[in-house]
Amino acid sequence: MNLFNLYTTDGPVKRIKEETAITLGVFDGVHRGHRALLRQLEGGAPMAVTLTSHPSFVLGRRGSEDWLDEEQEHIRLLLQSGVKYVAVMPFTEEVARMTACQLARLMHGELRMRTLLLGYDGRFGSKQDDDFDQLPQLADELGIMLKHGQPYLLEGEPVSSSRIRRALGEGNVEEAATLLGRPYGITGTVQHGRGVGHTLGYPTANIDLSQTRKNLPKEGVYVVRIGTPGARLRHTGMANLGAAPTFGVERPLLEVHLLDYQGDLYSQQVEVEFLHRLRDIQRFENPEALRAQLADDLEQTRQWS
């Protein structure tokens with residue numbers, strides 16, 4: 001039973017040839033708390049075992065599967081956090097029925113697990129047939145070291161994916177960046193838009209959001225940086241995330257006006273990093289009123305360039 005797809009910084013691998021120290025989790029966003037836990041891996045080659053789907057989504061406790069990272073970004077961030085291996089496990093209904101001890105046996109056999117590091121509040125395995133409390137006995141049987149990680153606190157609270165989602169839902173992208181350890185970003189392809197920004201004197205790059213699996217921040221006008229994914233060079237801009245009520249557009253859009261930029265981004269994949277929320281989206285009486293507000297937004301945005 002081979003459930004795992006294995007990756008290193010050099011790319012996919014077929015099997016593990018050394019004993020490993022493993023921690024298992026969703027690691028959504030690979031935030032500062034996750035990275036602190038991964039740094040505690042010892043007693044074998046460090047490995048993160050992660051899932052392809054949120055358990056709460058597969059089990060019907062969550063209506064949508066919105067992540068804090070993209071699939072390839074997720075693997076890259078884990079490998080950049082100091083682990084030698086990432087093992088990706090598809091979270092199916094079959095896997096959901098496996099108990100904690102069954103999963104531990106599987107990781108011991110297929111991933112050569114020598115150490116299992118549990119998060120400070122981490123439980124795994126089927127809740128219907130819960131044998132999590134029997135893990136210490138199984139560890140003695142298999143010769144596995146069982147360890148418990150320490151929580152990573154900021155302002156007295158553990159850093160968690162739900163805390164980041166709450167910050168994004170409030171439009172507090174600065175707090176989200178603090179918890180993540182990096183600005184929160186969305187990746188998408190630049191497509192042709194309505195041309196309205198150009199007529200107002202503020203041409204925009206229109207980002208296609210249809211393919212992203214990521215959680216969107218609260219609708220509003222933001223200071224952002226934009227560039228190609230993984231590149232250090234970033235251009236500052238102001239972005240409208242959400243509808244465009246002045247022009248009767250209700251579907252969510254991500255439109256970015258770049259400061260002092262001359263170039264063509266059409267059909268390019270870009271990453272938009274959210275730095276600061278300027279204001280709510282408003283409905284203006286006419287394009288002139290909108291143009292005046294955009295001039296004020298631009299002045300505030302220049303302070304971040």
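This is a predicted model: local features need pLDDT of at least 70, side-chain atom pairs count only at pLDDT 80 or more; totals for chains, interfaces and linings use all residues.
Reader: What makes the pair of Phe124 and Phe132 edge-to-face?

Author: The ring centres of Phe124 and Phe132 lie 5.7 Å apart, and since rings pair if their centres lie within 6.5 Å, the two count as an aromatic pair. Their planes stand at 85°, and planes over 60 degrees apart count as edge-to-face, so the pair is given that name.

Reader: Why are Phe124 and Phe132 called buried?

Author: Buried means under 20% relative accessible area. Phe124 has 13% relative accessibility and therefore counts as buried, and Phe132, with a relative accessible area of 9%, is buried as well.

Reader: How many aromatic pairs does the structure hold, and what makes Tyr222 and Phe274 one of them?

Author: The structure holds 2 aromatic pairs. Tyr222 and Phe274 are 5.2 Å apart from centre to centre, with 80° between the planes; because centres within 6.5 Å make a pair and planes over 60 degrees apart make it edge-to-face, the pair of Tyr222 and Phe274 is edge-to-face. Tyr222 belongs to strand β12 and Phe274 to strand β15, 52 residues apart, and the pair thus links distant parts of the chain. Both of these residues are buried.

Reader: How do you know that β12 and β15 pair, and which other strand is joined to β15?

Author: Two strands pair if at least two bridges are found between them, and β12 and β15 have 7 bridges, in the antiparallel sense; among the residues involved, Arg225 has Glu273 in β15 as its bridge partner. Strand β10 is joined to β15 by 6 bridges, and these strands also run antiparallel, with Thr187 standing opposite Glu271 in β15. Strand β15 is mostly covered, for 9 of its 11 residues are buried.

Reader: What puts the buried residues of helix α8 on the same side?

Author: The buried residues of α8, which spans residues 173–180, are Val173, Ala176, Ala177, Leu179 and Leu180. They cover an arc of only 165° around the axis, and therefore lie on the same side of α8. The elements they pack against include α1, α7, β10, β12 and β15. Just after α8 comes Gly181, which takes a positive phi of about 85°.

Reader: Which residues of helix α5 are buried, and what do they pack against?

Author: In α5, which covers residues 100–110, the buried residues are Ala100, Cys101, Leu103, Ala104, Leu106 and Met107. They pack against strands β3, β4, β5 and β6 and against helix α6. Arg112, which follows α5, has a positive phi near 55°.

Reader: Why does Met89 count as buried, and which residues does Met89 touch?

Author: Met89, found in strand β5, has 2% relative accessibility, and because buried means under 20%, Met89 counts as buried. Its contacts, leaving out residues up to four places away in sequence, are Leu3, Phe4, Leu24, Thr50, Leu51, Thr52, Val95 and Leu103. Met89 and Phe4 are 85 residues apart along the chain, while their C-alpha atoms are separated by 4.9 Å.

Reader: Where does the charged end of Arg213 sit, and what lies over the face of Tyr184?

Author: The charged end of Arg213 sits over the ring of Trp67, at 4.0 Å from its centre. Over the face of Tyr184 lies Lys214, 4.7 Å from the ring centre.

Terms used:
Residues are numbered from 1 along each chain as its sequence is written. Side-chain values use heavy atoms; hydrogens and water are left out. Buried means under 20% relative accessible area, exposed over 50%, partly exposed in between (1.4 Å probe, protein chains only). Helices (H or I, at least four residues) and strands (E, at least two) are DSSP runs, numbered from the N terminus. The arc is that of the directions from the helix axis to the C-beta atoms. Contact means heavy atoms within 4.5 Å. Rings of Phe, Tyr and Trp (its six-membered ring) pair if their centres lie within 6.5 Å; planes under 30 degrees apart count as stacked, over 60 as edge-to-face and the rest as tilted. A charge sits over a ring if NZ of Lys or CZ of Arg is within 6 Å of the ring centre and within 35 degrees of the ring normal.
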